[in-house]
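Biologist: I would like to learn how to read a model like this one, feature by feature. Please give the general idea each time, then the case at hand.

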Amino acid sequence: MDKMVLVRLNTMQIAARWIPLIVLGVAVTTAGAQQDKLRSPWDKLKVELTAGGYDCPAPPPFAKTLDIGVYYKDSHASVIDPKKKAEYDKAAENYTLLTKATALAADAYLDNGSRAAAICVYSLLDAAAKADAWDGKMDNFSGVYVQNWLLSGAGISYLKVRNSGLGTPEEEARIQKWFARLALRVREFFDAEVPRLGGPDHENNHIYWAGFAVAAEAIADNDHDAAQWALWTYRMGLANIQPDGSLKAEMNRAQMALHYHLYALGPLIMLAELGEANGIDLYAENGGALHRLVNFCLAGLEDPTILEKRTGVVQVVTLPYGGSDIGWAVPYVRRFPNPQLSALVAKAPWVRYTTWGGAPPE
């Protein structure tokens with residue numbers, strides 16, 4: 001049987017236990033709406049091209065797979081082994097260089113209209129697509145997580161420039177096919193892992209990042225099947241939000257519990273923003289559960305001892321908050337004004353985060 005057919009069958013089997021949530025949700029996509037072109041938050045932006053130069057880096061060395069390991073050394077995956085972390089960073093160096101470079105160039109195009117920056121995004125992504133970069137079957141889950149982040153970062157960078165008119169038809173086709181291959185790897189892994197592991201302890205931030213990555217591919221390729229898979233991960237995330245706004249899987253991360261609540265919230269907010277661009281109010285689903293998670297995270301940002309009391313350990317906090325800690329709040333407070341969140345955003349030295357393609361949607 002064809003691999004894609006198997007993935008779809010697995011997805012249908014997994015999603016069966018989420019049917020009540022999908023039926024009760026307000027954002028059930030109709031068959032007619034599924035024929036519409038999927039949109040991104042940047043599609044309606046009018047960017048006036050400028051002729052200024054842009055220093056585009058050379059593509060990094062590419063590989064099909066990644067030999068990468070885990071760098072936490074305790075049962076809660078909360079204490080970093082410095083040696084293993086250095087090995088991890090070295091192994092991930094080239095994929096990180098690619099996503100950072102494309103995110104910076106995509107934002108330079110949006111900020112300044114730089115023709116050269118948009119062309120840079122295309123040249124880097126096309127080089128990766130020609131090399132089948134990191135789209136092979138990974139040996140372990142760490143490699144698949146890297147595929148998540150590669151696809152989300154590169155995919156969003158592409159969506160920021162795709163209406164520039166500066167990509168050739170050949171580049172567009174190669175990049176989109178590469179995204180589809182990455183998305184297939186991600187979906188194969190999670191379609192197999194979720195039913196094998198089972199339970200909310202294993203339905204954690206990685207699945208939400210996978211959904212965000214696949215959503216980026218879905219919009220880039222107008223892939224409605226992938227869009228439904230991404231919605232499944234989002235609704236899984238909402239179902240895992242407790243009445244107090246916490247996430248059980250992330251609460252089990254001991255001293256990193258606050259960090260991983262924020263890290264889980266980021267892709268869920270970004271998924272909600274992609275839904276908004278397509279006329280789907282994902283913020284309202286499941287009784288507005290996402291707002292509970294936002295409020296829980298905000299309370300933790302303002303007073304980390306809240307999570308310390310729950311976990312029994314002092315939380316790892318790096319001040320001032322920035323990037324993955326608070327960047328998600330940029331689009332959120334535009335829709336749902338919140339003085340406390342706005343104050344934290346104002347203090348942040350940056351709100352960019354490479355894994356969601358640089359600057360968040362505004």
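Biologist: What share of the residues in the protein chain is buried?

Modeller: A residue is called buried under 20% relative accessible area, exposed over 50%, and partly exposed in between, with a 1.4 Å probe and protein chains only. In this chain of 362 residues, 53% are buried. This is a predicted model, in which local features need pLDDT of at least 70 and side-chain atom pairs count only at pLDDT 80 or more, while totals for chains, interfaces and linings use all residues. Residues are numbered from 1 along each chain as its sequence is written, and side-chain values use heavy atoms, with hydrogens and water left out.

Biologist: How many helices and strands does the protein chain have?

Modeller: Both are DSSP runs numbered from the N terminus: helices are H or I with at least four residues, strands are E with at least two. The chain has 15 helices and 0 strands.

Biologist: What part of the contacts joins residues at least 24 apart in sequence?

Modeller: A contact means heavy atoms within 4.5 Å. Taking the contacts between residues at least 6 apart in sequence, 81% join residues at least 24 apart.

Biologist: At what angle do the axes of helix 6 and helix 8 cross?

Modeller: Axes are lines fitted to C-alpha atoms, for helices over the stretch in contact, and angles between N-to-C directions run from 0 to 180 degrees. Helix 6 (residues 141–161) and helix 8 (residues 205–221) have axes that come within 8 Å and cross at roughly 40°. The crossing of these two helices is left-handed, a term used when the near helix is turned anticlockwise from the far one by less than a right angle; clockwise is right-handed. On the helix 6 side the contact includes Y145, W149, L151 and I156, and on the helix 8 side it includes W209, F212, A213 and E217. By class, this contact has 14 nonpolar, 4 polar and 1 charged residues. Ala, Val, Leu, Ile, Met, Phe, Trp, Tyr, Cys and Pro count as nonpolar, Asp, Glu, Lys and Arg as charged, and the others, Gly among them, as polar.

Biologist: Is L151 buried or exposed?

Modeller: L151 sits in helix 6 and is buried, with a relative accessible area of 0%. Leaving aside neighbours within four places in sequence, L151 is in contact with residues including F179, L182, A213 and E217. L151 and E217 are 66 residues apart along the chain, yet their C-alpha atoms are separated by 7.4 Å.

Biologist: Which residues does Y263 touch?

Modeller: Y263, in helix 11, touches W149, N205, W209 and Y353, not counting residues up to four places away in sequence. Y263 counts as buried at 9% relative accessibility.

Biologist: Which residues of helix 15 are buried?

Modeller: For a helix, one looks at which way the residues point; the arc is that of the directions from the helix axis to the C-beta atoms. In helix 15 (residues 339–347), L341, L344 and V345 are buried. They lie on the same side of helix 15 because they cover an arc of only 100° around the axis. The buried residues of helix 15 pack against helix 12 (285–302) and helix 14 (329–335). The face turned away from the buried side carries the exposed residues P339, A346 and K347.

Biologist: Where is the cis peptide bond?

Modeller: The bond from L319 to P320 is cis, with omega near -5°. P320 lies in the loop between helix 13 (305–311) and helix 14.

Biologist: Where are A77 and A254 found?

Modeller: A77 is in the loop between helix 2 (19–24) and helix 3 (82–91), and A254 is in the loop between helix 10 (248–251) and helix 11 (257–277). Phi of A77 is near 50°, a positive value in a residue other than glycine. A254, also not a glycine, has a positive phi of about 50°. A77 counts as partly exposed at 23% relative accessibility, whereas A254 is buried at 12%.
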